[in-house]
Amino acid sequence: METVAENRAFGGVQGVYSHASEACACDMTFGLFLPEEAKDGPVPVLWYLSGLTCTHENAMTKAGAQGWAAEQGIALVFPDTSPRGEDVADDEAYDLGKGAGFYVNATQEPWAKHFRMWDYVAEELPALIGENFAVDMARQAITGHSMGGHGALTLAMGLPGRFASVSAFAPICHPSQSDWGRKQLGAYLGSDESTWAPHDAAPLMKHKGFDGPVLVDTGTDDQFGDLLKTDTLALAMAERRQEGALRMQKGYDHSYFFVSSFMEEHVSFHAEALWAR
């Protein structure tokens, strides 16, 4: 692992690090914010998964999360959204390939060699961070935006007991029924839609649910509303009687202005669950 940058921020340190990833068979970069309390021992951690076209850097610089995390004494992890490198497969479209890993383990060519983002976020990166930084891996929570919201919800429900809480900003809720999903899941996992099921939040919520609190915010003016299928997740939460809230925020769109507007509430939501664990 190499240190790309470390900057003092809100009494703590915002770092950027790179390492050779076995899961993705390439070099990967991630951001990690450690609050001042990490000097005295391991602190709880909140994962932030970003959306289409993003890298580790977008949320790290635009979401405004570090100040709120510092107040709560928790760490933040900002993984990349896909593998990178000259030999990594890509597509001309913005919503497939680099920047669009969709947090799945690809089984189809030409994606299978590198696009193993589920293993990377669920196993490899937590192990790396736990071994090298003052982070308490017994206290984890997860959030994300858009494609990253899809990833946060599916990882939380797919890894029971791992996360104390899950939240999402404008998540892709039902990718198997959306143009933001059918294309990517078909490309990465193949035409057998039964293999898509572990990566489809609304049906997972209906049939499995999450063993903790859930918070979802989506803007009423989200320009991608038809692709998100928010109503399917709302219905599934209601039918499941899932602990949590799905809120439609009047006048907000899909941008980081929306994300940063509600970041304080999401960080506080997770901090309460993390410190109670």
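Biologist: Asp80 is found in the loop between β5 and α3, where helices (H or I, at least four residues) and strands (E, at least two) are DSSP runs numbered from the N terminus. Is Asp80 buried or exposed?

Modeller: This is a predicted model, where local features need pLDDT of at least 70 and side-chain atom pairs count only at pLDDT 80 or more, while totals for chains, interfaces and linings use all residues. Residues are numbered from 1 along each chain as its sequence is written, and side-chain values use heavy atoms, leaving out hydrogens and water. With a 1.4 Å probe and protein chains only, under 20% relative accessible area is buried, over 50% exposed, and in between partly exposed. At 3% relative accessibility, Asp80 counts as buried.

Biologist: Which residue's side chain makes a polar contact with the side chain of Asp80?

Modeller: A polar contact is a pair of N or O atoms within 3.5 Å; within protein, one must be able to donate a hydrogen and the other to accept it, and residues adjacent in sequence count only if both atoms are side-chain atoms. Asp80 makes such a contact at 2.8 Å, side chain to side chain, with Arg84.

Biologist: Thanks! On to α5: which element do the buried residues of α5 pack against?

Modeller: In helix α5 (residues 179–189), the buried residues are Trp180, Gly181, Gln184, Leu185, Ala187, Tyr188 and Leu189. They cover an arc of only 165° around the axis, so they lie on the same side of α5; the arc is that of the directions from the helix axis to the C-beta atoms. Counting contact as heavy atoms within 4.5 Å, these buried residues pack against α7 (225–228).

Biologist: And at the start of α5, which residue's backbone nitrogen does a side-chain oxygen of Ser178 reach?

Modeller: Happy to look at that end of the helix. The side-chain oxygen of Ser178 comes to within 3.0 Å of a backbone nitrogen. That nitrogen belongs to Trp180.

Biologist: What is the phi of Ala170?

Modeller: Ala170 is in the loop between β7 (163–169) and α5, and is buried, with a relative accessible area of 0%. Although Ala170 is not a glycine, its phi is positive, at about 45°.
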